[in-house]
Amino acid sequence: MDFRHLKQEDIDQLVKYNERVFPERRGFVDRYFTFLFAKNKDEQYLSLVIDDASRIRGQIIYSSMSYFYQGTKTNSFWSFDLIVDESLRKEVYGLDFMQYYSRQYKSTFATGSGPVALKLHLALGSKWMGEIRKYVGIFNVWGVPTSVCRGVVPVCKFPNMIVVGETYFVRCVADEVEWAEHPYNEELWEPCRDNEYMRWRFSNKLHEYAIYKDANSDNYFVLRTIVKKGITAVVLVDFRCNLQQKHELSAILQAIKKIMRKMWLAILICGSSHANIDKQLERAYMKSIGRPRPIIGKMHYKDRKSDIDNRQFALVTLADSDGETLW
């Protein structure tokens, strides 16, 4: 018994393994991996599995990504969903997984690692880069009654255009737009949002996303609705703007508020990895709840320790890594 790269012929077994480990995902896992491995033709080979006579008994999923830092684009990977059968954990396969990728690749990143996995990552040389806080707030008090027992709202019900002052946000389809090949914030660590990423991430059959793009700039934001405890909420899945220009994020939040008023929805959920985002969300009376999602990576940004400590280093959203895909 040993671990190896995932093969195309393993997918059915991988689905069964995840349905056994996560019974609450039953009926969804097949679509999830179809989406995940559709990024490119070799995507599934990045992940590792423990092979026990053609039966999967452990896994770690890797997903290709690119990021910008100081104006330079670098190809790398997200890692997530490290699972090993309990009976094999004394054989430290999880550690073997991590050591293997540490030797093979200079940089890998993760967000959302649990307490045990986080300790392993840090012990193997990963560095703390920040965290994503989950913020929740009521953006439209009049939408509270109509958010109950409503279900997921189809994207076709979202307004086609929202105007905030002189800014026009137009609802679009990812496949029909040319997306930015440049960083929005050159001083930050920022995952890339090019055509390949946007079309893979937001034009799929896993979830429906409402994408709004500024008609006069590359700024955009992405929404979807989810149902929690019978209440429909709006999730700000992704966005890009210059965080040093406060009016740009303010325009996005004002546009979302207008959309929620038009649709009679009350609750907004979003993630924040940066102090400037925190401030604007808190001004909108949103509160940070739950355990933040740690952001860690193999790269060491020694000269930015103060920025990391002060939440002024990374722009990472719920769309990164496995973010909100399983919601």
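## Helix α7

The buried residues of α7 pack against β6, β12 (231-240), α6 (246-263) and β13 (267-272), where contact means heavy atoms within 4.5 Å. The model is predicted: local features need pLDDT of at least 70, side-chain atom pairs count only at pLDDT 80 or more, and totals for chains, interfaces and linings use all residues. Residues are numbered from 1 along each chain as its sequence is written, and side-chain values use heavy atoms, with hydrogens and water left out.

Helix α7 spans residues 275-283, and its buried residues are Ala 275, Asn 276, Ile 277, Asp 278, Gln 280 and Leu 281. Buried means under 20% relative accessible area (1.4 Å probe, protein chains only). Helices (H or I, at least four residues) and strands (E, at least two) are DSSP runs, numbered from the N terminus.

## Largest pocket

A pocket is an open set of points on a 1 Å grid over the protein atoms alone, where a 1.4 Å probe fits, with protein on both sides within 12 Å along at least five of seven lines; lining residues have an atom within 4 Å of a point. The largest one has a volume of about 740 Å³, volume being the space filled by probe spheres set on the points, which are joined across faces, edges and corners.

Its lining consists of 34 residues, and Leu 82, Gly 112, Ser 113, Gly 114 and Ala 117 lie nearest the centre. At least two lining residues come from each of β4 (72-84), α3 (93-104), β5 (109-111), α4 (115-123), β6 (127-138) and β14 (287-297). Of these, β4 gives the most, with 6 residues. The lining has 17 nonpolar, 10 polar and 7 charged residues; Ala, Val, Leu, Ile, Met, Phe, Trp, Tyr, Cys and Pro count as nonpolar, Asp, Glu, Lys and Arg as charged, and the others, Gly among them, as polar.

## Second largest pocket

The second largest pocket holds about 260 Å³ of space. It is lined by 16 residues, with Lys 39, Ser 64, Met 65, Ser 66 and Glu 196 nearest its centre. Two or more lining residues come from each of β3 (55-69), β4 and α5 (195-202). The most come from β4, with 4 residues. By class, this lining has 6 nonpolar, 4 polar and 6 charged residues.

## Cysteines

The whole structure contains 0 disulfides, a disulfide being a pair of cysteine sulfur atoms within 2.5 Å. For Cys 172, the nearest cysteine sulfur is that of Cys 241, 16 Å away. Cys 172 counts as buried because its relative accessibility is 17%.

Cys 192 is also in no disulfide, and its nearest cysteine sulfur, that of Cys 241, is 16 Å away. With a relative accessible area of 4%, Cys 192 is buried.

How values were computed:
Buried means under 20% relative accessible area, exposed over 50%, partly exposed in between (1.4 Å probe, protein chains only).
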